[in-house]
Amino acid sequence: MTTAGDDYDAVVIGAGHNGLVTAAYLARGGMRTLLLEARDTVGGTAASEGFAGATVNICNCDHLTFRTTPVMTELDLASHGLVYQDLDASQHNASWSDGAGGRTWTAYHDLDVTLDELAAVHPGEVDNYRRYVTAASPAIRMIFEAAAEPPTLRSLTTLALRRRLAGAPTLLRWSRRSAADVLRSFFHTDAILGPGAVTGPMVWGISPEFDGTGLGALTHAMRHVATVGRPVGGSGAVPDALLSSFVAHGGEVRVSSPVTEIRCSGESVSGVTLTDGTQISAPVVVSACNPHDTFLRWLRHPPRSAQRLLDRWRSIPHADGYESKLDLVLDREPRLLDDERSLGPTTVIAPDLGSIHRAYELMGLGEVLERPALLVNAPTVLDPTMAPPGRHVLSIEALFTPYGLTGGWADSPEPRRWLEAFAQRCEPGLVESIVDWRAMTPDRYERDFHLPAGHATSFGGGPLAALRNANPELTKYQTAVDGLFLTGAATFPGAGVWGASGRNCASVVLQTR
């Protein structure tokens with residue numbers, strides 16, 4: 001553990017949910033652990049915060065993959081206040097081309113209920129959907145199991161043999177194809193095709209027409225394999241419970257403590273330096289921040305053995321942000337026009353596949369599609385604790401909304417335009433019911449959440465991509481600098497509130513130390 005003069009056994013930089021998971025496991029494993037966070041609160045984009053007297057989530061609040069991990073049980077998060085609501089009606093799916101009150105359909109956790117729904121709205125797709133779920137489900141189960149440990153050829157081979165290769169053929173075939181090609185091989189309805197691409201490749205920031213995005217077509221079926229849920233009180237209940245578990249195991253956290261250096265001595269890390277000049281020594285440093293900052297901004301006096309690592313990351317461009325989110329507090333419950341469905345579950349309003357690809361091209365020109373993809377929910381419909389009596393929260397997430405918007409975001413009419421486009425699909429009075437609202441655009445994610453260009457680098461491609469990955473530190477969690485480790489969205493298995501990366505990283509640290 002520590003040598004003479006070390007302040008801590010381990011320092012974790014970044015208190016997003018993966019940083020919190022890693023820190024909690026290290027503390028649970030007996031390591032004296034310090035968690036550093038640049039903001040004045042923990043959770044990163046998995047957090048919730050107060051706005052206009054209500055609670056809003058920084059990002060969309062539907063959790064699925066996190067609930068497939070053992071993190072909640074192993075860290076006993078229930079005893080630290082984490083309670084989930086299950087969403088049986090997990091997502092409403094609509095297409096802009098159908099108009100308000102169009103042929104929206106609801107995906108349920110129960111496959112048979114979903115098929116009954118499709119029979120009433122899109123009867124020609126029932127057999128297609130059943131065939132799709134039959135093909136996709138074994139692959140999804142394999143991905144969830146593979147995410148539970150650092151991916152290696154041996155671990156994935158063992159997993160495939162244990163599962164008698166169930167899911168492996170789909171993983172191999174779909175991983176080479178485009179998500180659009182996979183979806184079109186099953187469906188012909190925009191209200192199924194579009195939402196399937198929005199919640200897959202579009203959330204990743206890429207076009208579904210690109211080869212190699214095929215596993216993004218799994219998202220409809222994921223809701224039948226695992227159950228979508230929401231933490232009572234908002235998404236921030238997860239980082240709050242993780243922090244409580246970390247502290248209960250003896251961990252220490254410092255907020256408002258930005259790091260300016262990761263120091264090295266010889267072949268190993270020796271600690272970190274904060275922006276106020278404070279130096280903290282430790283033989284283990286885990287960065288839960290983006291790799292560009294970790295390697296190219298903060299790393300000081302790296303050993304020669306790390307030179308290839310640094311050269312690689314200098315040659316890797318950092319992508320710009322593309323997600324925005326409107327948070328609204330209303331004085332009444334928002335309702336869809338000519339539709340009895342509640343806005344409690346997330347409603348995806350999607351462009352058609354061709355328009356999604358066009359949106360990707362426009363993003364490179366600094367423009368937003370006329371009718372962008374929207375993910376909309378009113379979390380207070382299902383969880384009234386998030387607003388005072390007589391108030392509701394409405395969340396509208398928009399894709400693709402480029403960081404480099406022509407003319408900039410400061411005075412842009414774009415957010416208002418998205419709001420008015422959605423209002424046209426609602427009962428009259430939505431805009432008039434607004435008590436207050438804000439637009440979280442990529443420039444604000446950069447400023448408020450320390451995300452360069454408003455973007456968090458994300459690992460994509462699934463377990464097979466992990467074997468072919470040119471940046472092994474993203475799948476092994478270890479770097480070429482002894483004692484320096486990575487976790488977070490940039491590492492396997494990727495973005496979203498998952499927590500598997502944090503748990504895997506902690507297991508590697510504990511095994512090597």
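# Close-up views of a predicted model

**View 1. Tyr477 is found in the loop between helix 17 (473–476) and strand 20.** The model shown here and in the views below is predicted. Phi of Tyr477 is near 70°, a positive value although the residue is not glycine. Most residues other than glycine have a negative phi. With a relative accessible area of 0%, Tyr477 is buried.

**View 2. Ser256 also has a positive phi, of about 50°, without being a glycine.** This residue sits in the loop between strand 9 (252–254) and strand 10 (259–265). Ser256 has a relative accessible area of 48% and is therefore partly exposed.

**View 3. The peptide bond from Leu399 to Phe400 is cis.** Its omega is near -20°. Phe400 belongs to the loop between strand 18 (392–399) and helix 14 (414–423). Most peptide bonds are trans.

**View 4. Phe492 and Pro493 are joined by a cis peptide bond.** Here omega is about 10°. Pro493 is located in the loop between strand 20 (484–486) and helix 18 (500–512).

**View 5. A salt bridge joins the side chains of Arg230 and Asp62.** The N to O distance is 2.7 Å. The two residues come from distant parts of the chain, 168 residues apart: Arg230 is in strand 8 (residues 229–231), and Asp62 is in the loop between strand 4 (54–57) and helix 2 (71–74). Arg230 is buried, at 4% relative accessibility, whereas Asp62 is partly exposed, at 22%.

**View 6. Asp86 and Arg67 meet through their side chains in a salt bridge.** Nitrogen and oxygen are 2.6 Å apart. Asp86 counts as exposed at 54% relative accessibility, while Arg67 is partly exposed at 25%.

**View 7. Within helix 14, Arg416 and Glu420 lie 4 residues apart, about one turn of the helix.** Their side chains form a salt bridge, with an N to O distance of 3.1 Å. Arg416 is partly exposed, with a relative accessible area of 35%, and Glu420 is partly exposed as well, with 38%.

**View 8. Salt bridges with shared partners connect Arg39, Glu49, Lys325, Asp327 and Arg438 into one network.** The structure holds 27 salt bridges. Side chains of opposite charge can pair when their charged atoms come close.

**View 9. Asp9 is buried yet has no salt bridge.** This residue lies in the segment before strand 1 (10–13). Arg32 is the nearest side chain of opposite charge, 5.1 Å away. The side chain of Asp9 does reach the backbone nitrogen of Arg32, at 2.6 Å.

**View 10. A patch of negative charge on the surface gathers Asp88, Asp110, Asp112 and Asp116.** One of these residues, Asp110, is found in the loop between strand 7 (105–108) and helix 3 (111–121). Asp110 is partly exposed, with a relative accessible area of 36%.

**View 11. Ala359 is a residue of helix 13 (residues 353–363).** At 2% relative accessibility, Ala359 is buried.

Notes. Residues are numbered from 1 along each chain as its sequence is written. This is a predicted model: local features need pLDDT of at least 70, side-chain atom pairs count only at pLDDT 80 or more; totals for chains, interfaces and linings use all residues. Side-chain values use heavy atoms; hydrogens and water are left out. Patches are made of residues with over 30% relative accessible area and no salt bridge: like charges are joined within 9 Å, nonpolar side chains (Val, Leu, Ile, Met, Phe, Trp, Tyr) within 5 Å. Accessible areas come from the Shrake-Rupley method with a 1.4 Å probe; for residues, only the protein chains shown count as cover. A salt bridge is a side-chain nitrogen of Lys or Arg within 4 Å of a carboxyl oxygen of Asp or Glu. Lys and Arg count as positive and Asp and Glu as negative; His and the chain ends are not counted. The place of a charge is taken as NZ of Lys, CZ of Arg, CG of Asp or CD of Glu. Buried means under 20% relative accessible area, exposed over 50%, partly exposed in between (1.4 Å probe, protein chains only). A polar contact is a pair of N or O atoms within 3.5 Å; within protein, one must be able to donate a hydrogen and the other to accept it, and residues adjacent in sequence count only if both atoms are side-chain atoms.
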